[in-house]
Structure formats: C-alpha cells, structure tokens
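Hello,

Here is the structure we spoke about.

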Amino acid sequence: MSAQSSIRDMFFEESEELLEALAEGLAQMNAGNHDDETVNAVFRAVHSIKGGAGAFKLTALVAFAHRFETVLDEMRGHRIAIDSSNLQVLQRSADHLADLVEDARTESDASSVQTEGFLVALDACLGASPGAVVSEPDEPFSFAALSLDLSDIAMPAEAAGQHFRIEFRPHAGLYANGHDPALLIATLADLGDVEVELDLSRLPDLPDYDPAKPSLSWRIRLKSEVEETVVQDVFEFVEGLCDLDIKREVVEAVSEPAPQPPMPADEVVVAVERTDLARPAPVTPKEEGDGAGLTESRGPKPTLRVDLDRVDRLINAVGELIINQSMIAQRVQELRLATDADVVTHVEDYRLLARDIQEAVMAIRAQPVKPLFQRMSRIVREAADSTGKSARLVTHGEGTEVDKTVVERLADPLTHMIRNAVDHGLESLEGRIAAGKDPCGTIHLSAAHRSGAVIITIRDDGAGLNRRKILEIAKKKNLVSQDAELNDAETDALLFLPGFSTASTISNLSGRGVGLDVVRNAVAALGGPVSIASNPGQGTEFTISLPLTLAVLDGMVVSVAGQVMVIPITAILETIRPGVNDLHIVGTNEQLLSIRGKFIPVVDVAKGLGFTRPANHPEPKTLLLVETEKQGQCALIVDRVFDQRQVVIKGLDTNYGAVPGVSAATVLGDGQIALILDPDAIANNRVLPLAEARTAAKLNEERKLAVA
Amino acid sequence: MTIKVLAIDDSRTIRSLVQKVMEDAGFECTLADDGVQGVTRFKENPPDVVITDINMPNMDGYGVISAIRGGSLHRNVPILVLTTESAPHLKAKARDAGATGWIVKPFDDVAIVSVVRRVTGARA
Amino acid sequence: MQSLDTNASEVEFVTFFTGGQSFSIDIRQVREIRRWSAVTPLPHAPAEVLGVMNLRGSVIPIFDLAVRFGLTKTPDHVRNVVVIAAHESQTVGLLVESVSEILSVARDRIQETPDLRSDNSRQSIIGVIPVDDGMTRIIDLGAVIQTDRRTLQ
C-alpha cells in the first residue's frame, strides 16, 4: 500500500528530526540546563519515536524506546537525579536509539545485540529510584489490547441462550465527558437484541429540575451470546461515571420466544429526547473567541516538504535560464547598442532577476550543518571511549547553511578528522594532568560563511603537532629525502602524504588504511583545500574551506589552444603577465617563474591537456598563479583571460566518464560547452604521462584479450 | 452528515496515520500539531469528535481537554485520548480530566474507527 | 552485449551511412537525429571521441562511428548528422554521413556476424541484415561506447 509506505517514509524522516531534537536536548542537559521544558522535550522525542514505531510494529525499537522513555519520565518527575553518570547513559542510549531506527529503516537487526547492555544501564538509572516501576511494554503494544471492534464479535442472538440485565444510572460526569447514554445503548444494541426501559422515577417536578443533576436511569435487557467482558467493555469509558450493574442470566427454553418488552415503544423515544435534554443546549458558534483566551499558535515557522527531485529539476531549469540569459546578453552586446538603450537595461534587469531566482533556488537546497555537527559528538564520545581519553565537543555556527550535497559529502572526512583529533590530537589522560590541563580535552568544531565559502574548523586543545617526530617518520618512510630541511608548514603538510601515520601504535581508530590524505582528497573533491595550524602544547587546528554549493562555480573564463575553458576562481591566486626576465628555462623543457624571490614551476595547460596550438598561434603570455594541494604554488600558462563569471556545473560522468585534468563542464552563453579545469590535476606534471600510461596499459590488455 | 474529526498530535507520523484511517472511514479530518493549535482549530471549526495525544509541546492533551471542557462552546464534544499507556491509573487520569475515551497506541485502524463511531453515533 | 531477443517477430532499425558502409541501430535506442554542430574536444580522448556537445543542457559525447570501426575519419560536411542514442542511462551522439531509412525486418532475416578480422568490429557488431544492394551492420551501442570508457579509466 503506497499510502502506508509513504507514511512509513515519513516516520523515518520524522525520526531523524526527533533524534536531532533528542541530541540537542541532551546537549543542553549536559550543559547544565535541567529545566522542565528541556527534559520534557527530550522525553517527547523518545516518546514520539516509540509511538510511531509502534504503529509500524517495529517491536525492537518500541521495546528499547519504552525503557528509555521510562527513565526520562522518572527524570522529568524529579524522581531520579540528572547527574553526569545518568546523562552519560542517556547519551549512549540516544546513540543506540539512532542505531535501532537505522536498523528498522534498513530492515536489519545489526544493533539489536547491543540492546541488552543499554537496557541494563537504563535499569541501573532506575535503580536509583526505588519507587520507579518499569512497566512492561508488552501489554500496551500488543495489537489485541482493546477489543473494540464490536461488530466482529457481535453475533445474532439465538432464541435460546443468555441475556444480560443491565442497570445503568449516569452521573453528571458522564455527560460532562461527552458521553451520550443513547450511544451506549446503541452500542449494546450492536451486540444483540435490546429492550430498554427508562426509569423516570427520580425525575423531579419541572420547577425543581436541574439539568446538571441527572436523574434518568435505564434498565436494559440484552439478549446476546457474547462474553460478559464484552458487555463490560461497552461501559469501559464510563466506569466511575455512572452506577452500573450487569447481571448475566441464562434462558433455558429453546421453544419459548423472548419475552416481549414490558415497555411501550414511545418510552424509548422519550429516553432519547431526555438524554438530549440532559446535555447542555448547543451554543451557536457566534460566541466564539471569548473562551479560554488562547493566543495564536506559536509553532515553528511553517515549512513545506518537497521531493528533492523536484528541487533538482528546478535547479536545472534555473541553470538553463542563466545560460539563456547570458546568451541573450552576449547577442545584445554584439549589437553594440548605446548603454542606455531600452533593451540593454532590460537585459541587465533580466540578469539580476535570473541571479535572484538562482540564489533563491539554491537556498532551497541549503541546510544547516547542525545535524552533521550533532552526529560528531557521538564520534567524540566513541573515540574517547576507545582510547581511554576524556573529551567533549563544543560546536559553533551550527546554523551555517551549506548545500545539501556538501553537507552529505562532508560527513566522512569530518568524522575522520574528529576521530583523528581525539586519537592523535589530545594527550592521554595522564599526559594532560601532567601538563596541568583539564583532564577532559575539548574539540571545537565550528562553521562560518566567509566570502562565498564555508569555513569549517576542527580544533583540539591537545599537545600540538610533534614536528620533529613527523619529519622523522617521513624520512623513515622515504617520503622526503634524508637530508630534507623543512619549515613548519612544510612539515605539517607531510601529514597529508599518502601512507603517513603518526600513531606509534596502530590504534582502533586510525590505522585502517585511512589517512589524512584520504580526507584531503575527499575535501578537494568538494572543491576546497584543507590547512593545518598547530601550536606546541596548545593544540592543532584543521581548516576546511568549501564552496556553498556544488551546482554553480565562480570561474575565470580563459582560452587554451583555441578552446574556451573555465578555471575555478577559488584556485587562482593572481594573474601574471611575466616579463622576459621572469621566466627561466630549466633542463630540456621545464620552465620556472621567478616571482618575489621564489621560483615556481610553470605548466602549459595546452600541453597538459594534450592539445596542440595551431602553428601560427601567438606565444601565450598569460600566467595564472594557482595554489595546488600537491605541488604548492604553480603557474599555469593560458592563451587569454576573458572574464570572471558564475557557471553552472554539468557533470561529464553521466554520459561519458572521467577526463584527466577536467573536473566538469559548463554551457557558455553561445550554447557551446566549456570544460572546467582541475588545476590540481593539471599542475601535477603526471597528468599527461599518467593518462598515456593508462591508455597504453588498457590497449595492451585489450590486445591480449583479443588474442586470447 | 460527514463526521468531522480533529486529530491533535505532535508526531507527523501519527497525525498522518490518524488522518488516513479517518478519511478511509469516510470522516473528515482536520489536524493540529500541538495543544494550542488544537484548541485554536477546535474553535475555528468545531468538530464532532477530538482525538488527542497526551505528550505534546505547548499544551499537552490534558490541557486540551480542560480547555474544551471549560469553554463555553461544544464543551460536551467527545474527546478521545491517543495514548501509549494502558496502565489503569493513566486511563483514570484521562477520564478524570474529562476524556470520553481512549485509544491505546498502536491503534489498529478498525479499532480506532470503531471507537469514533461509538462515541459519535456514526453508523458504518 | 545487447540482445535482440524480444517477442516481436519484426524488428525496426534506423540505418545510416558512414565511411562508405551501411550500419543500423535498433530504433528503440534512437532518441533523435540532429544536424551536426561544433563540439568541444576532450583532452586525452580516443580518436573516435570527437568531443562533447550541449543537448538541451546535457553534456553528451559525440563518437565518429567511422573511426570507431577503423574506417577513415568522417570528413567535415554540412550534411553530416548526429544520431542521438541512449544506452542504459547514457546518452551519446553518433556522427554519420547520412541517415538512409527505417528498416523493418523479420527477425529471421538477421544473420550472425561473419568472422571479421578486426576485433573492434567483431565485438561491436551483433549481426547483419541483407538488403537490396548489400548488407547493413547492426551495431551494439553498448559495446561501441563501452570500449572507449574502458580505455579512459
């Protein structure tokens, strides 16, 4: 059933939000905020997960959430303390709850083996409260808890059998609670034949009549084969709100028809009318507004849930709009009209409008980094646990918004860096005490917008990088020459080399073949650099700079061997038109640029891409100074620089595949495709040899296959 | 006449489930996210029956019941409490607060429809 | 390898000429036929990949089918056309000299590929159909574009 499965999807989506709210609430409780609303919010989050899970019969999840909720209920009732050890249990339980939700979503039971351990810990919390009773969730969560579907069990009463004599006298509370004796009697009538007798004997004379004091009672004879409990269930909701007496009688004679009711039919009619009378007269809706004096709903800002595909379709369409706009702008420019011509103004308005629409659409995909950051506190806990350290995570700028894809793809590198900060950044417990530091280390994680980019920093207050040791390891592993003398920044950069690991023992966390080089590559794939800063004794800080979106890019439009191409602005440090004395030939074909006393390698983009310039092409004169991950600074030769503009990124992977030296493509104003270059790959001199080697290897392989 | 149901629950999942079950049964169903919104909706468009959660932000289910029962409008409308608790003292608490009945989560759709019919007198 | 097995007894092909030979492709794979327009060359691409072009906002690679089958490169000509075809989730363009006709043939008229000397051709041709003045080669689009992807990666 699709409606059912879409509600199921909704449940998991909502659970994600509830888990975030739970993490948020627990973080506040950890920070010492124990007010009722905070604890209540935490309780509600778990409670709602349990409620939804119950509806989908996710029993493992329900059972755990129930126990978790019981502890929280005791806490909000101030029956057990909110102390650090209990908080730790809550935090761990929240993590486990998240795992169980994930299990339920993926229909696995990978985490359920751990449930028992968490239940023991939760029970231990309850142990502190002798009065606390852990009610078993089994009963409320069995589907047969209420046998309310009376139509299923109602059977036509046989002439012979049993009947019930019911005496029923409602109290005022029964009416006040919204019950109607006529409906109760009607429900009984669903069980079998009823004979109803209204007892008016307690009805006072009209002058003394008080509608608030009910004076009616009924005697009902129900002929039905149902169990007595079924009859009692009809009155379940009115228990305590009436005098009720139910007697079961067995009728023997099969031949004898049921006795006729000793009651004229019109009395039943009276009964119904009387019950209506007994209820307060309906009030017209006009009196609305003077009631409880409630203010308008104070809920969160209204939101709209939209299928991501629709947003992406919109983003694509807006991308086309931007391209169309620049095509029109280009055509208009070619007309060389006066700048105050109407059409020029309109085209400029169109450009601004298109840009506004684009920004608005991009904002739809933007998401705060908060959920991602919240997940990191778990990583810190786990990393601290497995290294025997004590650590806390402090986050800043959680509201910073980034494109959804960026947030998603940041999760892995960030996880690794956070683990790394705890594992390698922080000193051991003894080490910290010896250094006179707080035994509990702090990892600061922050996000901020800075000039069109998102800056993420991960800072620990550990011992700082041991540069002597880093250099030693690098030499031992032949990552640098044995007599290399490196400055601090160069030494720090060694951490990013493939195969580098500073841990003297391979710990549980690192040593899985995942080094910082992988982190650097993952972040670079998102279009951002990673940098390190470290102060001995005070800690280490990693900074990642990321584009706000992966859908558009600010690019420098250049030409290379007659082709128009785009280079990401973020990579370009400056544009240089070198003088004759600035370029130096080294060896057979290597060029170096001398700039401010430094020599920087020069890479011809055309050659790097394997393009040849037409014979009569003028010698290219423009250099772009770029910062690369692997080669440091590098100067790229291009033929011409046109302008800077925002371009819509189009993947080459969809219909083709990866192209060495090229990260993606875009569509220019004239409808032509321009390649977006990857300066890193181009600067890396191995681009060409690598590609050639690969091609050759593959061709060889194919030949072998063909022969075989 | 179509029975109008007002369902108040802070869980989007449960709200949608209730709505689906009610609409499948041919009832009209209005939703509210919390107690305050629920009471507001109640005044805007008085329903024939209210189904409310207990644990909610802003105003809980007991608050909803007392706001409705203490108001001047439709104060005797049937109010059903949707609860995960079947403990007798909690049922008693709901009844004392003025609830007409309760539905223990997870409800099955047949049960919830049956209870709604029972307290509103709507026939299948 | 693409399969021709379906229940229909008649199969339809789009046939076209390039490098002096007739080729055809299952009509279900053809999306549209366009006039040739300039492409953007890709670095380090095999000879048969002419470059990429913009098809309503999508970047699609254009293959010179003649080069792919070891024939001489298709000469620039205004009448050249691009057959836009789809294989699984990939959309590509095939540069050919002209599109001749839509051929509807009975399945049993399709013959197995004769033993060709060129591996490239043998792997990318699934069968041949005799026609009035010779034959047309049925190309396996997946194989045509796949070989090339392998070379690159």
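Helix 3 of chain A, residues 59-76, has 18 residues, which at 1.5 Å a residue should span 26 Å; the C-alpha atoms at its ends lie 25 Å apart, so the two values agree. Please keep in mind that this is a predicted model. Most of helix 3 of chain A is covered, with 13 of its 18 residues buried. After helix 3 of chain A comes His78(A), which has a positive phi, near 60°.

Two helix pairs in chain A are described next.

On the helix 4 side of chain A, the contact is made by Asn86(A), Val89(A), Arg92(A), Ser93(A), His96(A) and Leu100(A); on the helix 5 side of chain A, by Thr115(A), Phe118(A), Ala121(A), Leu122(A) and Cys125(A). By class, the residues of this contact are 6 nonpolar, 4 polar and 1 charged. As background to the spacing in such lists, an α-helix has 3.6 residues a turn, so residues three or four places apart point the same way.

The second pair is helix 14 (residues 370-387) and helix 15 (residues 404-425) of chain A, which pack at about 30° with axes 9 Å apart. That angle makes helix 14 of chain A roughly parallel to helix 15 of chain A. The crossing of helix 14 and helix 15 of chain A is right-handed. Helix 14 of chain A contributes residues including Leu372(A), Phe373(A), Met376(A), Ile379(A) and Val380(A) to the contact, and helix 15 of chain A contributes, among them, Val407(A), Leu410(A), Leu414(A), Ile418(A) and Val422(A). The contact of helix 14 with helix 15 of chain A has 13 nonpolar, 2 polar and 3 charged residues. Arg375(A) in helix 14 and both Arg419(A) and Asp423(A) in helix 15 also belong to this contact.

Now to chain B.

How many helices and strands are there in chain B? There are 5 helices and 5 strands, and along the sequence they follow the pattern β-α-β-α-β-α-β-α-β-α. Chain B has 124 residues, of which 70% count as buried. Among the contacts in chain B with a separation of 6 or more, 61% come from residues 24 or more positions apart.

Regards

Note on methods. Residues numbered from 1 in each chain as written. Chains lettered and ligands numbered in written order. Predicted model: local features only at pLDDT ≥ 70, side-chain atom pairs only at ≥ 80, totals over all residues. Heavy atoms only, no water. Contact = heavy atoms within 4.5 Å. Helix = DSSP H or I, 4+ residues; strand = E, 2+ residues; numbered from the N terminus. Nonpolar A, V, L, I, M, F, W, Y, C, P; charged D, E, K, R; others polar. Expected span 1.5 Å × (residues − 1). Buried < 20%, exposed > 50% of the residue type's maximum accessible area, 1.4 Å probe, protein only. Axes fitted to C-alpha atoms, helices over the stretch in contact; angles between N-to-C directions. Parallel < 35°, antiparallel > 145°, perpendicular 65-115°, else oblique. Left-handed = near helix turned anticlockwise from the far one by under 90°.
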